[in-house]
Amino acid sequence: MAAPHPRPDDSSPAIALSGVQFEWKGTGFRIAVDAFQVARGERVLLLGPSGGGKSTLLGLICGISTPAEGKIEILGTDLSTLSSAQRDRFRAEHIGVIFQMFNLLPYASALENVRLGLAFAPGRARRAGGDADAADVLLTRLDLPEGKMRHRPASGLSTGQQQRVAAARALIGGPELIVADEPTSALDGSSQERFLDLLFAQLDSLGASLLMVSHDERLASRFDRVVRTTDVLRTEAAA
Amino acid sequence: MILLRLTGRSIANRWATALLTVLALAVSIALFLGVERVRTGARTSFGSTISGTDLIVGARSGGVQLMLYSVFRIGNATNNMTWESYRDIAGQPEVAWTVPLSLGDSHRGFRVLGTTEAYFEHYRFRGGQKLTMRAGEPFSDLFDATLGADVAETLGYKVGDPIVVAHGLGAIGFTRHEDMPFRVSGILEKTGTPVDRTVHVSLAAIEAIHVDWQSGARIPGQSTGADAVRQMDLTPKSITAALVGVTSKLKTFKLQRFINEYPEEPLLAVLPGVALQELWSLIGVAETALAGVSAMVVLTAVIGMMAAILSSLAERRREMAILRSVGAGPGTIALLTVLEAALLSLAGAVAGTALFLTGLAVAGPLADQAFGLYLPFTLPTAREAAILGIFVLAGIVAGLFPALRAYRISLADGMTIRQ
């Protein structure tokens, strides 16, 4: 855990991939990315059908998987220069992740789930200040009712509420990059709008970049840039 | 720390499995501690029953058998030794003191021991402690009886109460020596030895209650009154065994050889320590088997815990993916799994100790009454604490295997949420 913590420089892009090749061991499923960039503060929607290698791409960006070839730079840091422990720490400090669903530990409270975002990121925890307050404030900003509900197991929350708690966990402590994997696909139309409104308002105040993956074309208008997976990724099934 | 708390919550979330796992661990460790306690308890209990006696003398049989029936009141003598032989041995120059023991009668399930005042003088238990009176005096009259602590407590006797001694050893003596009423002259302090369950009378008293009896049956039509009995010669014809003290330890073996080669009748003299050793080597096999079985039960419970944790990993892949997404490394995920095993075995150890102590508090007095096994209620000994420590350690080691699996799963799944 005591891995040195590289300081990202502010002028470099949030995400920069070039010549990346990756293959899942055993399955033979491969993806290749020639070039892909997300600028600082930019909100990018990656559109494409499921099974198109989107989740694999997110795993590479988050430093969970390492490419066989090519370079992945996040906030100016070349992930290949980091050990796996350092990559874990880097993800904890600089990237907030939101999943499609089942984002929360069902037995932990909403507040604990939010604070979990700081458990492995002392830097973010420092920035968040008193994390109890920070978590509470964020949940209020994300429109989660105050009171007992925040202290009860998260399994009792509605899907919309759960996604907002997940967003709060991704946002707490102000990471520079938010990665979201179909965060709205489990929500109905009005909940989707509300979720994005609240998320974008927080991104504005943080100045953070967003890379969101979805198959839902209707969301496109709200983003700075829309990229289709077919334009970025080449996938190859087992030979 | 949030991770420790979350592990606790995660376990609580799977409380039914966790509870059963802890229960299995607790029962197994309680069993193990119980077996250990009985094992060591039996040894100290037996070892502390006789002290300060150099030789036990009786009719020729086995050394262990002689010790068991004379000192522990377990089983019966096959033969007696004659009073003449006893007097002869007592008169040997090497002999410092002797205590004759005459067994074979009972009082409401408790054995009656005929002996002399020398018994109160020379019998020692638990590292040389002497018998002391809780109330009254040792017997002095022909019809006096001195009771062990348990006898008095169980039957509710006080000093001065009359008691009736029965022939034979049944709890309900069907042949009672009712014409010879005894009087309680005194009650001994609790010793934690078979003395507590013994009624002590004089050798002459044993003769007296058998005056009208022959070959274990009442002589028809004959009844001698208590006063008439007092006029009779009540020197015993035989005794069951005798405890002997020598003037110098060096002379023990010389005296033992003399007794074992006694020409008048076949006798046996054993050193209590040697006989105890012989006893341990006899029951050592059973002890080891018992300890082995209880160790296997512990092992089974630990394997059960391993299986429970392992099967929980599948349903916890979501948890692992979430932890990975917030920056937990696969090593941390593995650590949490080990932590879970540690918490479960710790809970098992604590619950098991509680179960063991409860069992000891409940069954301890029963074991004392039923088997003369003195198991005092004490907190876990250093040895037992060490066993508990090893147990928790074994639990942690057992957690390493599921931890390795959790490590592999979290490496392969990464942040992919699988249900």
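**Reading a predicted two-chain model, feature by feature**

Reader: Let's start with one residue. How much relative accessible area does Arg39(B) have?

Author: Arg39(B) has a relative accessible area of 22%. Buried means under 20% and exposed means over 50%, so Arg39(B) counts as partly exposed. Keep in mind that this is a predicted model.

Reader: Then where should I be careful? What is the average pLDDT of chain B?

Author: Chain B has an average pLDDT of 85, and 91% of its residues score at least 70. In residues 170-174 of chain B, however, the pLDDT falls below 50, and the stretch has 5 contacts in the model beyond near neighbours in sequence. Where pLDDT is low, the predicted coordinates should not be read in detail. For the complex, the predictor gives an ipTM of 0.88 and a pTM of 0.74.

Reader: Back to Arg39(B). With which residue does Arg39(B) form a salt bridge?

Author: To read a salt bridge, look for a side-chain nitrogen of Lys or Arg within 4 Å of a carboxyl oxygen of Asp or Glu. Here Arg39(B) pairs with Glu287(B), and their closest N and O atoms are 3.9 Å apart. Arg39(B) sits in helix H2 and Glu287(B) in helix H10 (residues 272-315) of chain B, so the bridge ties together parts that are 248 residues apart in sequence. Glu287(B) is buried, at 10% relative accessibility.

Reader: What does Lys254(B) pair with?

Author: Lys254(B) has a salt bridge to Glu94(B), where the closest N and O atoms are 2.9 Å apart. Lys254(B) belongs to helix H9 (residues 252-260), while Glu94(B) is in the loop between helix H4 (83-90) and S3, so this pair links parts of chain B that are 160 residues apart in sequence. At 8% relative accessibility, Glu94(B) is buried. Salt bridges can also share partners: Glu36(B), Arg39(B), Arg43(B), Glu287(B) and Arg383(B) are joined that way into one network.

Reader: How many salt bridges are there over all chains?

Author: The whole structure has 32 of them. One in chain A joins Glu193(A) to Arg222(A), with 2.8 Å between the closest N and O atoms. Glu193(A) is in helix H7 (residues 189-206) and Arg222(A) in the loop between strand S8 (209-214) and strand S9 (225-228), so the bridge ties parts 29 residues apart in sequence. Glu193(A) is partly exposed at 39%, and Arg222(A) is partly exposed at 23%.

Reader: Now for nonpolar residues. Which residues form the nonpolar patch on the surface?

Author: The patch is formed by Leu20(B), Leu23(B), Val27(B) and Leu355(B), with about 380 Å² of accessible area together. H2(B) supplies the largest share, 3 residues. Val27(B), for instance, lies in helix H2 and is partly exposed at 45%.

Reader: Is Thr21(B) buried or exposed?

Author: Thr21(B) is also in helix H2, which covers residues 15-47, but Thr21(B) is buried, with a relative accessible area of 9%. Beyond neighbours within four places in sequence, Thr21(B) contacts Met305(B), Ala308(B) and Leu344(B).

Reader: How far apart in space are Arg141(A) and Glu236(A)?

Author: Their C-alpha atoms are 43 Å apart, and the two residues are 95 apart in sequence. Arg141(A) is in helix H5 (residues 131-141). Leaving out residues up to four places away in sequence, Arg141(A) touches Leu198(A) and Gln202(A).

Definitions and conventions
Residues numbered from 1 in each chain as written. Chains lettered and ligands numbered in written order. Predicted model: local features only at pLDDT ≥ 70, side-chain atom pairs only at ≥ 80, totals over all residues. Heavy atoms only, no water. pLDDT = per-residue confidence, 0-100. Contact = heavy atoms within 4.5 Å. Helix = DSSP H or I, 4+ residues; strand = E, 2+ residues; numbered from the N terminus. Buried < 20%, exposed > 50% of the residue type's maximum accessible area, 1.4 Å probe, protein only. Patch = residues over 30% accessible without salt bridge, like charges linked within 9 Å, V, L, I, M, F, W, Y side chains within 5 Å. Areas by Shrake-Rupley, 256 points an atom, 1.4 Å probe, with all protein chains shown as cover.
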